[in-house]
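Good morning, and thank you for coming. Please look at the sequence and the structure on the screen while I speak.

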Amino acid sequence: MKGASNTPPLHVLRTILRHIQSAPKQSFPKESSSDIAVAANDNPLGRHVLQQYKLYKDLSPTSTKSMQLRKMAYDYAKLNIDLKERARLHELDGGAEIKLSPKELSRRAAARAGLQLPEESTA
């Protein structure tokens with residue numbers, strides 16, 4: 001738990017909120033017309049995270065509950081970072097078979113051998 005205890009809670013909160021803001025937006029039903037302005041600028045998940053942080057902000061930093069909540073928040077933030085990195089690496093690792101059409105694969109293979117594929121006639 002070295003990372004969770006040394007990382008300030010505010011840094012973890014900012015990381016979580018940054019992830020929530022960058023996540024694809026979903027449309028949520030509006031409860032009332034007065035809630036439209038708030039819902040347009042604020043994600044319900046972001047509001048929930050802020051409410052939870054505010055609810056437990058007065059806990060003693062050495063209490064067991066506080067340590068558990070900090071560890072859970074840190075683990076969630078780390079999970080999000082690791083999932084983004086995994087998606088980035090998966091995209092880099094995606095083979096040419098997935099990204100290119102069979103025609104383009106053939107053209108590139110021929111070019112590596114110093115050849116050119118004949119042009120296709122459309123008629």
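This is a predicted model: local features need pLDDT of at least 70, side-chain atom pairs count only at pLDDT 80 or more; totals for chains, interfaces and linings use all residues.

Residues are numbered from 1 along each chain as its sequence is written, and side-chain values use heavy atoms, with hydrogens and water left out.

Let me begin with the fold. The protein contains seven helices and zero strands; helices (H or I, at least four residues) and strands (E, at least two) are DSSP runs, numbered from the N terminus. Of its 123 residues, 12% count as buried; buried means under 20% relative accessible area, exposed over 50%, and partly exposed in between, with a 1.4 Å probe and protein chains only.

What makes up the largest nonpolar core? A nonpolar core is a set of buried Ala, Val, Leu, Ile, Met, Phe, Trp, Tyr and Cys residues joined through side-chain atoms within 4.5 Å. Here the largest one has eight residues, namely Val12, Leu13, Ile16, Leu17, Ile20, Val49, Ala73 and Ala77. Helix H2 (9–22) and helix H5 (64–93) are the elements that give two or more residues to this core, and H2 provides the largest share, five residues. In soluble globular proteins, nonpolar side chains tend to be buried together.

Next comes confidence. The mean pLDDT of the protein, where pLDDT is the predictor's confidence in each residue from 0 to 100, is 80, and 80% of the residues reach 70 or more.

I turn now to the largest pocket. A pocket is an open set of points on a 1 Å grid over the protein atoms alone, where a 1.4 Å probe fits, with protein on both sides within 12 Å along at least five of seven lines; lining residues have an atom within 4 Å of a point. About 630 Å³ of space lies in the largest pocket, the volume being the space filled by probe spheres set on the points. Of its 27 lining residues, the closest to the centre are Gln52, Tyr53, Leu69, Arg70 and Ala73. H2, helix H4 (44–55) and H5 each supply at least two residues of that lining.

Finally, consider Ile81, which lies in helix H5.
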